Amino acid sequence: MAKKTDTVERLNTGIENVNAKKVAEELNKILADEFVLYIKTLKFHWNIEGRNFHALHLFSEEQYNELRIIIDEVAERIRKVGHFANGSMEQCIADASLQEHTKTGRLTEEMMSELLEGHESIIRKSRELIEDFDKKYEDEGSADFITAVMQKHEEMAWMLRASTRE
Ligand SMILES: [Fe+2]
């Protein structure tokens, strides 16, 4: 029998194939936004300058490490519903709703509000998906999963918000 390399697995777990496909598509869009935010956070970590350099350098490292874990979890969730995770930067840019940060050179603390907006955008998207995954696509596992993703972003958003208060 020929090896299946690019065909989608049909699961026998109670999720309709058509619903699993929709869930995977939505998760791949979240994955794209996670990648954009991850790269932005790295860029901040590398190029931040100012009086609070050391604290912000370490703070952003914590945040990009957290994002890296989320990226891996989202990609693996897509595999668990029988589909393939997007690992192409080009495709990520096409799928993402977040914009890349394109300014070059020195970065300041002001970029933190852009990072915060990124987290808040993913939180809003995730919140909509909880309902869709649960009710529309009848995939309680993915609804629970995206709830946890949202909570992680809520924590990161809180930390960014608290750090930018005057
Ligand atoms: Fe570093």
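A residue is called buried under 20% relative accessible area, exposed over 50%, and partly exposed in between, using a 1.4 Å probe and protein chains only. By that scale Glu138 is partly exposed, because its relative accessible area is 48%. The structure is a predicted model, in which local features need pLDDT of at least 70 and side-chain atom pairs count only at pLDDT 80 or more, while totals for chains, interfaces and linings use all residues. Residues are numbered from 1 along each chain as its sequence is written, and side-chain values use heavy atoms, with hydrogens and water left out.

**The chain as a whole**

- The protein chain has five helices and zero strands, and its pattern along the sequence reads α-α-α-α-α. Helices (H or I, at least four residues) and strands (E, at least two) are DSSP runs, numbered from the N terminus.
- Along the principal axes, the C-alpha atoms fill a box of roughly 60 × 35 × 20 Å.
- Of the 166 residues in the protein chain, 42% are buried.
- The chain exposes about 9900 Å², of which carbon and sulfur atoms supply 48%; accessible areas come from the Shrake-Rupley method with a 1.4 Å probe, and for residues only the protein chains shown count as cover.
- Contact means heavy atoms within 4.5 Å. Among contacts between residues at least 6 apart in sequence, 80% join residues at least 24 apart.
- There are 23 positive and 33 negative side chains, and the centres of the two sets lie 2 Å apart. Lys and Arg count as positive and Asp and Glu as negative, with His and the chain ends not counted; each charge is placed at NZ of Lys, CZ of Arg, CG of Asp or CD of Glu.

**Aromatic pairs**

- The structure holds two aromatic pairs. Rings of Phe, Tyr and Trp (its six-membered ring) pair if their centres lie within 6.5 Å; planes under 30 degrees apart count as stacked, over 60 as edge-to-face and the rest as tilted.
- Tyr38 and Tyr64 are edge-to-face, because their planes stand at 75 degrees, with ring centres 6.3 Å apart. This pair links distant parts of the chain, with Tyr38 in helix 1 (residues 17-47) and Tyr64 in helix 2, 26 residues apart. Both Tyr38 and Tyr64 are buried.
- Phe133 and Tyr137 form a tilted pair, at 6.5 Å centre to centre and 45 degrees between the planes. Phe133 is buried at 0% relative accessibility, and Tyr137 is buried at 7%.

**Glu138**

- Glu138 sits in the loop between helix 4 (111-136) and helix 5 (140-163).
- Not counting residues up to four places away in sequence, Glu138 touches Asn19 and Phe133.
- The C-alpha atoms of Glu138 and Val23 are separated by 9.7 Å, although the two are 115 residues apart along the chain.

**Ser60**

- Ser60 lies in helix 2 (residues 53-80) and counts as buried because its relative accessibility is 2%.
- A polar atom of the Ser60 side chain lies 2.8 Å from the backbone oxygen of Leu56.
- Apart from neighbours within four places in sequence, Ser60 is in contact with Thr41, Phe44 and His45.

**Thr164**

- Thr164 is in the segment after helix 5 and is partly exposed, with a relative accessible area of 32%.
- A polar atom of the Thr164 side chain lies 3.0 Å from the backbone oxygen of Arg161.
- Thr164 and Glu110 are 54 residues apart along the chain, and their C-alpha atoms are separated by 8.3 Å.

How values were computed
Polar contact = N/O pair within 3.5 Å; in protein donor to acceptor, adjacent residues only side chain to side chain.
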